[in-house]
Amino acid sequence: MCRAAQPGVKKNGANILQALREFRVNNAFLLDIHTAEVAVEAIVKSCGREDAGWVLARGFLDRGTGLYFAMESVDEIFEMMLLKPDGDGGEDASRVPAQVFYELWKRASFCENKLKKRAKRKYLKQLQVKQVENGPNVDTVDLAVRACVMMGTNEKSIYYKIVAPFNKWGRFQGLSVKEETMEFLRQAVEDGKVKGFNLDGDLESEDGTEEGEDTDEVQDDKDEVK
C-alpha cells in the first residue's frame, strides 16, 4: 500500500493510517521503526508536505496507528505543520502542536511507570524507540512553540505542555529551552499573537483552562510538571 501511494492523492494517506489501525487490532501487528519510516514517506508523498504534517500529527496522537511507539522524531512533523498556517481545519487544530510535543515528552519521561503491571507490559511491548535518545531536544521545543504561536495556541498550553515539561525533563539531560525560543514567545506576546502570556508574571493566576478545555486535564498537566 505504501509503495502504491500516488503523489497528490490525499486519500492514500488516510488509507495508510486506517490500515495501520486495522492491522494492530486484527493481527496484533507491531509497527517497527523501519515500517513507520516507510509509512511516513508514503503519507508525505500522497498528501504533500503542507498537509502531511497535520495528517501525521493526528496519526501520532492516535496511538492506535502505532506511530507514537515507532517514530523516532517528530521534528519533521512540526516543520511540515509550519508550512500550513491555517492548520487542517479541525476545531481543535490550535491544540494539536502542543499535544504532539506533550505526548513525546510523556514517552521520553517513562510514563509507563504510572501504569498498572499489565498495561505497562503492553505499552513496552509496543514501544520500538529509545525513550530518552528519541525524546525532545531544544530544536523540537523551538519548532513546537513556533507551530503553537502560528496556530494561536492558548498561552497556558504552551507553558504547561511544552516549556515547563521540557525544562523539568531537561534537568536530567543538561537541557533547557533556548533563550531564542523564549524571546520568540515574548515577541509573540508583544505582537498579540499569544494573548496574555506573561513570562515574568504569575502563570497560575487564572484557572489555566482554555475555552472548551477540561479543567481536570489542565490541572493534571500542572501537577505533572511541578
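Reader: What should I know about the model before reading it?

Author: It is predicted: local features need pLDDT of at least 70, side-chain atom pairs count only at pLDDT 80 or more, and totals for chains, interfaces and linings use all residues. Residues are numbered from 1 along each chain as its sequence is written, and side-chain values use heavy atoms, leaving out hydrogens and water.

Reader: What is a salt bridge? How many does the structure hold?

Author: A side-chain nitrogen of Lys or Arg lies within 4 Å of a carboxyl oxygen of Asp or Glu. The structure holds 14.

Reader: Which residue meets Lys 10?

Author: Asp 51, at 2.9 Å from N to O. Asp 51 sits in helix α3 (residues 49-61) and Lys 10 in helix α1 (residues 10-27), 41 residues apart. Helices are DSSP runs (H or I, at least four residues), numbered from the N terminus.

Reader: Is Asp 51 buried or exposed?

Author: Buried means under 20% relative accessible area, exposed over 50%, partly exposed in between (1.4 Å probe, protein chains only). Asp 51 is buried, at 17%. Lys 10 is partly exposed, at 48%.

Reader: What does Asp 62 pair with?

Author: Arg 21, with the closest N and O atoms 2.6 Å apart. Asp 62 lies in the loop between α3 and α4 (67-70) and Arg 21 in helix α1, so the pair ties together parts 41 residues apart in sequence. Asp 62 is partly exposed at 27%. Arg 21 is partly exposed at 26%.

Reader: Which residues form one network?

Author: Lys 10, Asp 51 and Lys 84, joined by salt bridges that share partners.

Methods. Helix = DSSP H or I, 4+ residues; strand = E, 2+ residues; numbered from the N terminus.
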